[in-house]
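My notebook is open, and I'm jotting down what I looked up, entry by entry.

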Number of protein chains: 2
Amino acid sequence: MSELSDLSGSQHHLAAGVIRTDLAMADGRTIRYYDQGHVTRKAIDNRPKEDRPGLGELRLDPLTNEWTAIAAHRQARAFLPPKELCPLCATKPGLDSEIADSSYQVVVFDNKSPSFGTPIDDYQLPVIDGIKTKLGQSIGKCEVICFTDHHETSFNQLEEDQIRIVMEAWRDRTRELSKSKHIAHIAPFENRGEEVGVTLSHPHGQIYAYPFLPPRTEKMYRAAKKFHKETGKVLLDEIIKREIKDGERIITQNDHWIAYVPFAARYPFEIHVAPKRSVADFTELSDEQADAYPSIAKEVLQRLDGVFGIPMAYIAAWHQAPVRKGREVMRLHWQITSIRRAPGKLKYLAGSESAFGAFIMDLKPEQSAQQLRDVRLPN
Amino acid sequence: MSELSDLSGSQHHLAAGVIRTDLAMADGRTIRYYDQGHVTRKAIDNRPKEDRPGLGELRLDPLTNEWTAIAAHRQARAFLPPKELCPLCATKPGLDSEIADSSYQVVVFDNKSPSFGTPIDDYQLPVIDGIKTKLGQSIGKCEVICFTDHHETSFNQLEEDQIRIVMEAWRDRTRELSKSKHIAHIAPFENRGEEVGVTLSHPHGQIYAYPFLPPRTEKMYRAAKKFHKETGKVLLDEIIKREIKDGERIITQNDHWIAYVPFAARYPFEIHVAPKRSVADFTELSDEQADAYPSIAKEVLQRLDGVFGIPMAYIAAWHQAPVRKGREVMRLHWQITSIRRAPGKLKYLAGSESAFGAFIMDLKPEQSAQQLRDVRLPN
């Protein structure tokens, strides 16, 4: 029996007719194929077996009580390889990529150089002794999600059915990763464009499963909890009511979702997309809500590319309630931020933003909402 | 009598033989010349009088309870002008710069396009009503500090005497700006290099005087207060004791200052430089401490440039106690961060850092400290 035996053929039936098939990769990682329709997945990863990198370190910064993950093995990771060597394309003659099959719809596989690694038998959690972290290991999970096997496209050019599969994968990963006792918060995000450090141009995202609440999530949790305590209300619900009332920052909406530039946007283009009936996380989304996401997602990202008529670099991140706290006050929403303030001009995070955390905006949110609304969409 | 009369000739005698002379600029802003030795400053700014930009807005983000300053007038600011049009050089035939005199040592003048503007008569402070900011104006102070009138140099190539004048200017500005009731925190910083968005290459820094505690300062204040409450000790003092005990992250030191890579550094190269006898802010530094700063400042920044043999982009920011709180627990230190992780490779703040605030480091702090120590300094 090969090592593959315990995974091979393992299937899960999800919503929207999506079937997930799990297979083992050559070095022991797992790849999950998400498919609509009758597809059999059994391709074997024939690459030579490589050693997996060890776990990194977690260190607490006593000046701020924030964690830094130190993953020194990541320094050597692939950096903008040519298209014919893309590790996120399907395998083809001359290319043994991360995906053993010769085509795929959507896949999610364990990151080869994770910032937060799967716990091994003798892992050590960090212990804080005064200002000193007694060294602990950086455990959790980092996964890569490939949105399509087409190399030369982008999220906003995918068919709606394809985006629906991506959405189903995000729901599935949140559901499954939530079961791990090591994981405190699950964060799917996409970095797009070299301007935000993307090292692989194939359309893909990442799913970080943190062993702690990331600082910004912690801050959002505190604000939502305080608001709930003072008013009995859910913060994001009130924010959306206010956006609907003000109107001038709304970009678009459909029956289930609304997209707006937030009142105190920190980036030249910042867009929040939220379900109108609010939910704590992906696992609480109804199928109707999930089905209504692809059209607004495409529209919003097409509007972003349309502002200057160039593909915009962006970070698109899903905020949701942490796994084990704040579910009654935190709400799922998709945050898209772009640092381009004009053709040829980026917003840099310099002294005020980087060293002090205080953001300066050169554009009014009402102006950027207007620019986004004015974009003529492709037919 | 001209408008200049109330400023012209106004002089202040500071430490290290530095004399500050205040003069009015054509549009009503103030420029302060800091000089060692007998220099008379009376150059008149002959540029046509321009209208000053109005005050920006301050908006609270209810999701995080953080302020964003919206300064839409900044969009039009100068962007990498050619050397012969540099607004930070001294005035010469064909160039009417921000500095009316034909040479200078160190000057500090009010920023032409400030993110936080000087209050005008009918300014309005923001009022928070639930999740809604009733619009208020972005008041405070933004100043520009020119480190030298030589265009083609950088901070680490200045003579020590010159850096001593810069230090005296920082002390003086902190002392004076602390008197304004609108100002909560004073933050001198330098951005160096186009990679961090520098729009003027002349060696200069900025001094931001915020009307609120910037988020990172607030976080540092909370951590220091908690530590003091639990232990009765001052956090930065204990951190420095720990760095001295561990030793492996120390880069250099002299009688009064110590420079180290912090234990949980967030950037490929991050250096903290702190006075050994800790003080709350610039106003508490002794003259001996101030005198001992230039040599370690030059050395640390020369080591940074020496790591890859190229001028490193960096953000060098002074953290100090806020004006009106935390003086018993917060301590002055200089934080230098660089995003270059290798020649040709930058660290970008992508999904994890930007959207979630969780930093991933590719290099161990002990490794970067070793690299910095190994640099051979120029004679």
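I started with one bridge: A:Y260 has A:H272 as its bridge partner in β15(A). Before going on, I noted that this is a predicted model, where local features need pLDDT of at least 70, side-chain atom pairs count only at pLDDT 80 or more, and totals for chains, interfaces and linings use all residues. Residues are numbered from 1 along each chain as its sequence is written, while chains are lettered from A and ligands numbered from 1 in the order in which they are written.

That bridge belongs to a strand pair: β14 (residues 257-260) of chain A runs antiparallel to β15(A), with four bridges between them. I wrote down the rules too: two strands pair if DSSP finds at least two bridges between them, and helices (H or I, at least four residues) and strands (E, at least two) are DSSP runs, numbered from the N terminus.

Next I looked at what else β15(A) pairs with. Five bridges link β15(A) to β17 (residues 333-338) of chain A, again antiparallel. One partner pair here is A:E270 with A:T337 in β17(A).

**Two domains in chain A**

I looked up the domain assignment, which gives domain 1 (57-210) and domain 2 (216-374) in chain A; such bounds come from an automatic or database assignment. The C-alpha centres of these two domains of chain A are 22 Å apart. Their contact takes 25 residues from domain 1 of chain A and 28 residues from domain 2 of chain A. Being in contact means that the C-beta atoms of two residues, placed from the backbone, lie within 7 Å. On the domain 1 side of that contact in chain A, α1 (160-177) and β11 (185-192) each supply at least two residues.

**Chain against chain**

I then turned to the two chains: 62 residues of chain B are in contact with 62 residues of chain A. Helix α2 (residues 215-231) of chain B gives the most to chain B's side, with six residues.

How are the copies related?

**A sheet across the chains**

My last entry is an open sheet of four strands with mixed pairing, in the order β20(A)-β5(B)-β4(B)-β9(B). Why is one side of each edge strand left without a neighbour in the sheet? β20 (359-361) of chain A and β9 (136-137) of chain B stand at the edges, each with a single partner strand, so one side of each has no neighbour there. Inside chain B, β4 (residues 57-61) and β5 (residues 66-70) run antiparallel, joined by five bridges. B:D61 has B:E66 as its bridge partner in β5(B).
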